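Morning, everyone. I have one structure to show, and I'll keep it brisk. Here it is.

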Amino acid sequence: MSHGARVIRTGVSSGGPAAPPPVTVASSSAGSDVELMDGGYFRSCAGMLKVAQMISLLIAFISVNNSSWTDYSAYSFFQIVTMCDLVMILFFYIMHIFRVYRNLTCVSWPLAEFLHYLIGTLLLLIGSIVAAAKSYNITGLVAGATFGFLATILCVISMWSSYKVSCITESTSKCHA
């Protein structure tokens, strides 16, 4: 007879994955849509902040695009930066809504989003400063630069809040281990 240590497996443990949720059959097609999309992200602070960023970037792009330019390199850089930021924020927004990050675990999504915000915010700040300096009091260009600065501030807030949440989550998980 062996008197070795026994391992008792439970449904929830600190070292392993949680037990799978019970399988239920949805009685309507609305139940399957709830599982596909994260409806709470629409109303969350992070979701509304991403929408505000996308709107301000779109207004900045349209304002500069519909104005008469005097310096093509400065404003073409500004347009490229605003559109690239807009597309990347939309990508991360869709990723959060449809919970793609749960299926693609090979990518560190918080790190990818943080690096996007870090690089995109820096480029947007540079583009907004150059756009403001070269605006020559043309109202569309001034409005574009202003909304570029607003988007920069929103991106900094988003980056700070995601970093703060990551650090707090990381530090509390180390304390309880």
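This is a predicted model: local features need pLDDT of at least 70, side-chain atom pairs count only at pLDDT 80 or more; totals for chains, interfaces and linings use all residues.

Start with one contact. From helix 3, the residues involved are Gly47, Lys50, Val51, Gln53, Met54, Leu57, Leu58, Ala60, Phe61, Val64 and Asn65. Facing them from helix 4 are Tyr75, Phe78, Gln79, Thr82, Met83, Asp85, Leu86, Ile89, Leu90, Phe92, Tyr93 and His96. What is the make-up of that contact of helix 3 with helix 4? Its residues are 15 nonpolar, 6 polar and 2 charged.

Mean pLDDT for the protein is 81. Residues at 70 or more make up 73%.

The axes of helix 3 and helix 4, residues 72–97, come within 9 Å. They cross at roughly 155°. An angle over 145 degrees counts as roughly antiparallel, so that is how helix 3 runs against helix 4. The crossing of the two is left-handed.

Now the next pair. Helix 4 also packs with helix 6, residues 109–133. How far apart are their axes, and at what angle do they pack? The axes are 9 Å apart, and the angle is about 155°. Helix 4 and helix 6 are therefore roughly antiparallel as well. Their crossing is left-handed. The contact residues here divide into 18 nonpolar, 6 polar and 2 charged.

Now the annotation. An unreviewed UniProt entry marks "transmembrane region" over residues 41–62, 74–94, 114–133 and 140–163. What does the model show in those spans? Take two of them. Residues 41–62 are 95% helix and 0% strand. The end C-alpha atoms of that span are 27 Å apart. Residues 140–163 are 100% helix and 0% strand. Here the end C-alpha atoms lie 34 Å apart.

To wrap up: helix 3 and helix 4 are roughly antiparallel, and so are helix 4 and helix 6.

Conventions:
Residues are numbered from 1 along each chain as its sequence is written. Side-chain values use heavy atoms; hydrogens and water are left out. pLDDT is the predictor's confidence in each residue, from 0 to 100. UniProt positions are given in the numbering used here, feature names are shortened, and annotations may be inferred rather than shown by experiment. Helices (H or I, at least four residues) and strands (E, at least two) are DSSP runs, numbered from the N terminus. Axes are lines fitted to C-alpha atoms, for helices over the stretch in contact, and angles run from 0 to 180 degrees between N-to-C directions. Angles under 35 degrees count as roughly parallel, over 145 as roughly antiparallel, 65 to 115 as roughly perpendicular and the rest as oblique. A crossing is left-handed if the near helix is turned anticlockwise from the far one by less than a right angle, and right-handed if clockwise. Contact means heavy atoms within 4.5 Å. Ala, Val, Leu, Ile, Met, Phe, Trp, Tyr, Cys and Pro count as nonpolar, Asp, Glu, Lys and Arg as charged, and the others, Gly among them, as polar.
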